[in-house]
Amino acid sequence: MNTINIFLSLFGENAIANYVYIVSFLLFAIGFSMLLFHHNLIKKIIGMDIMDSGVYLFLTAMGYYRETLAPIGGDLVTNDIPNYSNPIPPGLVLTGIVVSVSVSAIMLALAIRLYKKYHTLELDKIFMFEKKQHDLEK
């Protein structure tokens, strides 16, 4: 049994037409599993970025319609309104990308600060060190 038959048996006949949604769900699931199961902060940050990519791919796929024009310039006042695509989803995706890059930069800066203080990026070791410090202060 080849790969396409396995794919079709798992996801149905419409899977090929909706592959973008499946890929975006897989990206989100991979990123979410990295957030849950890895204890290294850098891997968690990468997982969050992968999760963001899945969300942006999904939003882009939802806002795309075939055979539509971008509503930029020209004569926009026509009776043929369904021929123009909605500019809101790409704008939201671009805004989300800017926000996620900023959040990733801040998280990486905080990870560097944590590494300078604790000499590790493993969350379990950081929590144990903080617990020992807290117990010594009592």
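Is H119 buried or exposed? Select H119 to begin: H119 is exposed, because its relative accessible area is 60%, and the cut-offs are under 20% for buried, over 50% for exposed and in between for partly exposed, using a 1.4 Å probe and protein chains only.

**Before going on**

This is a predicted model, in which local features need pLDDT of at least 70 and side-chain atom pairs count only at pLDDT 80 or more, while totals for chains, interfaces and linings use all residues. Residues are numbered from 1 along each chain as its sequence is written, and side-chain values use heavy atoms, with hydrogens and water left out.

**The whole chain**

Show the chain as a cartoon. The chain has 5 helices and 0 strands, in the order α-α-α-α-α from the N terminus. Helices (H or I, at least four residues) and strands (E, at least two) are DSSP runs, numbered from the N terminus. Of the 138 residues, 21% are buried. The accessible surface is about 10,600 Å², and 69% of this surface belongs to carbon and sulfur atoms; such areas come from the Shrake-Rupley method with a 1.4 Å probe, and for residues only the protein chains shown count as cover. Contact means heavy atoms within 4.5 Å. Among contacts between residues at least 6 apart in sequence, 48% join residues at least 24 apart.

**Helix 2**

Select residues 19–37, which form helix 2. The end C-alpha atoms of helix 2 are 27 Å apart, which agrees with the 27 Å that its 19 residues should span at 1.5 Å a residue. The expected span is 1.5 Å times one less than the number of residues. In helix 2, the residues I22, S24, G31 and M34 are buried.

Next, pick F32, also in helix 2. F32 counts as partly exposed because its relative accessibility is 40%.

**The nonpolar patch**

Now select Y21, F28, F32, L36, F37, V55, F58, L59 and M62, which make a nonpolar surface patch of about 820 Å². Helix 2 and helix 3 are the elements that give two or more residues to this patch. Helix 2 gives the most, with 5 residues; L36 is in helix 2. Patches are made of residues with over 30% relative accessible area and no salt bridge, joining like charges within 9 Å and nonpolar side chains (Val, Leu, Ile, Met, Phe, Trp, Tyr) within 5 Å. A salt bridge is a side-chain nitrogen of Lys or Arg within 4 Å of a carboxyl oxygen of Asp or Glu.

Select residues 88–118 for helix 4, whose 31 residues reach 44 Å from first C-alpha to last, close to the expected 45 Å. P89, V93, G96, S100, S104, A111 and Y118 are buried in this helix. Their cover includes helix 3 (41–63) and helix 5 (123–137).

L92 is in helix 4, but L92 is exposed, because its relative accessible area is 54%.

Then show L41, I45, A111, L121 and L123, the largest nonpolar core. Such a core is a set of buried Ala, Val, Leu, Ile, Met, Phe, Trp, Tyr and Cys residues joined through side-chain atoms within 4.5 Å. Leaving aside neighbours within four places in sequence, A111 is in contact with I42, I45 and L121.

**Back to H119**

Return to H119, in the loop between helix 4 and helix 5. Most residues other than glycine have a negative phi. H119 has a positive phi, near 60°.
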